[in-house]
Amino acid sequence: MSNEDDRQARTRGPAFTAKSQLMTTDDVARAMRRMAHEIVERNHDVASLSIIGLQTGGRAPASALASVLAEISGQPVNAGMLDVSFYRDDLSRNPLVASSATNIDHDLTDRTVVLVDDVLFTGRTIRAALNALSDWGRPRAVQLAVLVDRGHRELPIRPDYVGKNLPTAQDEAIVATLEGVWIGTREPA
Amino acid sequence: MSAIIIRQGLVVGVHASVVADVLIVDGRIAEVAATIDAPSDAHEVDARDCWVGPGFVDLHAHLREPGREAAESIESGARAGALGGYCALVAMPNTEPALDNVALVSYVLERGARTPLDIAVAGAITQERRGELLAPMAEMAALGVRLFTDDGVGVQDPSVMRRALTYAKPLGVRLAQHCEDERLAAGGTMNEGALSGRLGLIGRPALAEELMVMRDIELVRLTAAPLHFLHLSTSRSVQLVLAARDEGLPVTFEVAPHHFTLDEGACSSYDPVFKVHPPLRTPSDVAALRDALRRGVVDAVATDHAPHAPELKDLVFDEAPAGMLGLEHAAALTFEALAPASDPRTFFQVLSRGPARIAQLRADDIRVGHSAHGASMVSGEDANVTVFDPGSRWSVDRNALESRSVNTPYDGRAMTGRVRATVAKGRLVVDQGRLT
Amino acid sequence: MDRYEGAGVIESIRGRSLLSLDELSQEAIVEVLDTAESFVEVNRRSIKKVPALKGRVVASLFFEESTRTRLSFETAAKRLSADVLSLAVASSSVKKGESLRDTIATIDALGIDAVVMRHRSSGAALQVSRYVPHVRVINGGDGLHQHPTQGLLDAFTIRQVLSERHDTTGLESGAALFEGLRILIVGDIRHSRVARSDVAAYATLGAEVRLCAPGTLLPEDVATWPVTVASDFDEALAWADVVGLLRLQSERGSGAFVASLREFTFSHGLTVERARRMKPDALIMHPGPMNRGVEIDSRVVDSSRAVVERQVSNGVPIRMAVLYLSVAGSGEGHTP
């Protein structure tokens, strides 16, 4: 394991125990494709988009989404990664997670940013991302794509593109990756 | 004064101990016997399971008066001493100004006379303790001063020390030395070693003490004058002095409770309460001192009671003054160090009889204004008696001390052994562990 | 070499004070280095600020003057959006003998979350942390004892330069680049808190450390340090992958320990001639301030092997990382 994986594993928190699998790899791939079409339908000009994945869960979905978009539009798509650890407002409630790289190699001004994350829950991560983005320039618009929306919003944040809506209980946990989506529990911290 | 009857303690004589009653009348031990019919108005002290012996004598107490009364006064020091089982204290001369002349010595003696204890004075060897010119030792001796020291520091110049020894000898007084070469000690704040390096503190090497011990042993050999070594802290220092003593040289030495209880590791916390000169040493030095105590080769335990106003010990380690309290805990710590054998005769030898001889406060010594100490516990002797309960378990609370200061390194520590009663000059000053 | 009991026991500085690098484990040190990587990126943006410590108060208490280090810390705190109270105590009316407790109590009354402090006495930071246990204390240098952030930024600089060379990133390499790395520290080690912090960091990260200095400038207890003492300076220079230089700490009394500055340069200065004997890709480091011409020749400082400027610029991200982990990691409900 590289040092990076080591770190993330150490700080990811308590272990996840799956109860059942709700989406397979193919299900996820289909959902990504559908979302890509929805993005094109709504935005028309793919060249003005920036697909920004939120570290760490949004990293893989963002690059998958960017490649599907590139494929269906026939053009290269601007992408990047954003770490929001330093923008969180709930540091007193949740433990610090190890910060990861932020890598945005192009100017975001006047672009439409599509934030990509794996799971949308309270909305606080997205709010932190919006704060972070404002330090990076002034995008014309910001949209949100998530693999899974599990409800329990604490802020007025809503996704523009959703892979799957999954109502959950507060104490349940969701793991959503390109390999699939599982519902289960986490050991208490 | 009403009579005092101490019941059924183990009365510790010079050669033997026996369970007995001790009757004290008019400032003297009137009778020591298996059972005594005491006068009806005699105050009873229950000494069952306790040791009863001569009151302790501290060769080394910094009473801070004159000059630093915020830290301690002669009166508060005497109270602390009484609680600790002491009937006599030798007041150190590093006051402000130093006790280097008859006017100041008289002052301290006079204030000491107002306390229930015998407060003797150690005069300075050199004027202002500067280590250059001799202080008027003959004049001070006429007032009863029998010990002279520049304590706080040692006399650095060997020619001055030689002169002082030569001068003191015919006066029948004894010099006492704080052995540390200041240049080798380099202004250090703890023992020099791996720990001082890691903590980033300048160290005082053991050699700074041992080199002056070696020097002074040779000066004693040259001058034949008696010398008492204050607070020896290293294994080697003790070995050197024991060897000199075995050769027949007139040397004696004392050890302080902190040196046989705590080691340099305590300084890791940078808490200035553990800062002392000479510094706390290595665990093997501590073991060697405890071993010497148990073997009965130590002349005296002396507290080096060094009160400092609380705000001074609140400074960073480098800037805080050196020294810790000792009067109220010396007996318990000595008792613990003598464990497991805990011979009561050794106990009273190091706390009372040995120091009484060195301070020249025994019945046979020519005293000025002081009663006799270090009793053999027979009738006719001056009544300076301490009752010590070896079974008492207690713990130290820095806020409950008699001393005006609180710089004890033992705060919160569990202790075994406590003074139950102190009779000083025939008066019961401590009873049931409390001042009367 | 045996590490003492208590070495390397702290696994992470999250929510904790940072007093001595001696106490940190390899994980704790790598965590700081990794976090600093993110702050290097933040410092490259046009808006060099993140809200991580918004609403927190950081006091900087420099009993010993050091404009550079103080500004570095204060910049770090401000870029984390903290409010900074700056007390250049050295220049205030505080005289020797003023109770540390009183100075701290005054500041604490203003409700501070963290204090960065520098003091001429070893152990001062630990003593302060005992007076105000609810406040995070970051040791900016205490007497001869430790200067933890300097040790961290030195290690970070080495990792940064070496990972560039090996075409990897600091994050990916963790502590791997230090394994068996040959680091030589030269100069007034006896009086240097930087030396103690550097040695702690390098040894914990797995490097092989050698020290070289005139006999009187080696610490008395060097036999217990996790290092080897090199008696031949030239041989050591040829051996080393990294050479760290320390100046004579004359304000801590090193003057009496060497005959003269010239003598020091003669025996242990990194002259142009000596620098030629070093490996061509060896790094040259100095915590500053430098005495050009004494411990290091000017031309050597300006050569490409010297990474002193990187050290300086890495100061802010490392201090941001330390403040972030220490202070942001200590919200309510967190045990320190």
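Figure 1. A residue counts as buried if 20 or more other C-beta atoms lie within 10 Å of its own. The model shown here and in the views below is predicted. B:Gln360 has 20 other C-beta atoms within 10 Å and is therefore buried. This residue belongs to the loop that runs between α11 (344-358) and β16 (385-395) of chain B. Although B:Gln360 is a residue other than glycine, its phi is positive, near 55°.

**Figure 2. Loop of chain A around A:His152.** The loop between β5 (141-149) and β6 (161-165) of chain A contains A:His152. This residue is not a glycine, yet its phi is positive, at about 70°. With 13 other C-beta atoms within 10 Å, A:His152 is partly exposed.

**Figure 3. Helix α2 of chain A at A:Asn43.** A:Asn43 is part of helix α2 (residues 25-43) of chain A. Because 17 other C-beta atoms lie within 10 Å, A:Asn43 is partly exposed. Leaving aside residues up to four places away in sequence, A:Asn43 touches A:Leu49 and A:Thr112.

**Figure 4. Three-stranded sheet of chain A.** Chain A has 4 helices and 8 strands, and along the sequence these follow the pattern α-β-α-β-α-β-β-α-β-β-β-β. The view shows an open sheet of 3 strands in the order β1-β8-β7, with antiparallel pairing. At the edges stand β1 (16-23) and β7 (173-177) of chain A, each with a single partner strand, so one side of each has no neighbour in the sheet. From one strand to the next, the twist averages 30°. β7(A) runs antiparallel to strand β8 (residues 180-186) of chain A, and 5 bridges join the two. Within this pairing, A:Thr177 has A:Gly180 in β8(A) as its bridge partner. Among contacts in chain A with a separation of 6 or more, 73% are between residues 24 or more positions apart.

Figure 5. Strand β17 (residues 414-424) and strand β18 (residues 427-431) of chain B pair in the antiparallel sense over 3 bridges. Here B:Thr422 stands opposite B:Val430 in β18(B). The hairpin of β17(B) and β18(B) has 2 residues between the strands, and B:Lys425 takes a positive phi near 50°. β18(B) also pairs with strand β19 (residues 434-435) of chain B, in the antiparallel sense and over 2 bridges. B:Asp431 has B:Arg434 in β19(B) as its bridge partner. The hairpin formed by β18(B) and β19(B) has 2 residues between the strands, and B:Gln432 in the turn has a positive phi of about 50°.

**Figure 6. Cis peptide bonds of chain B.** B:Glu65 and B:Pro66 are joined by a cis peptide bond with omega of about 5°. B:Pro66 lies in the loop between β6 (56-61) and α1 (74-83) of chain B. A cis peptide bond also joins B:His277 and B:Pro278, with omega of about -10°. The loop that holds B:Pro278 runs between β14 (251-255) and α9 (283-295) of chain B.

**Figure 7. Packing of two helices in chain C.** Two packed helices are described by the angle between their axes and the distance between the axes. Helix α1 (residues 26-42) and helix α12 (residues 308-328) of chain C pack at an angle of about 115°, and their axes are 8 Å apart. The crossing of α1(C) with α12(C) is right-handed. Residues of α1(C) in the contact include C:Val32, C:Ala36 and C:Phe39, while those of α12(C) include C:Ile318, C:Met320 and C:Leu325. By class, the residues of this contact comprise 11 nonpolar, 1 polar and 1 charged.

Figure 8. The model scores ipTM 0.85 and pTM 0.88. Chain C has a mean pLDDT of 89, and 93% of its residues reach 70 or more. Over residues 332-336 of chain C, however, the pLDDT is below 50, and this stretch has 7 contacts in the model beyond near neighbours in sequence. Where pLDDT is low, the predicted coordinates should not be read in detail.

Note on methods: Residues numbered from 1 in each chain as written. Chains lettered and ligands numbered in written order. Predicted model: local features only at pLDDT ≥ 70, side-chain atom pairs only at ≥ 80, totals over all residues. Buried ≥ 20, exposed ≤ 12 C-beta atoms within 10 Å, placed from the backbone. Contact = placed C-beta atoms within 7 Å. pLDDT = per-residue confidence, 0-100. Pairing = 2+ DSSP bridges. Axes fitted to C-alpha atoms, helices over the stretch in contact; angles between N-to-C directions. Left-handed = near helix turned anticlockwise from the far one by under 90°. Nonpolar A, V, L, I, M, F, W, Y, C, P; charged D, E, K, R; others polar.
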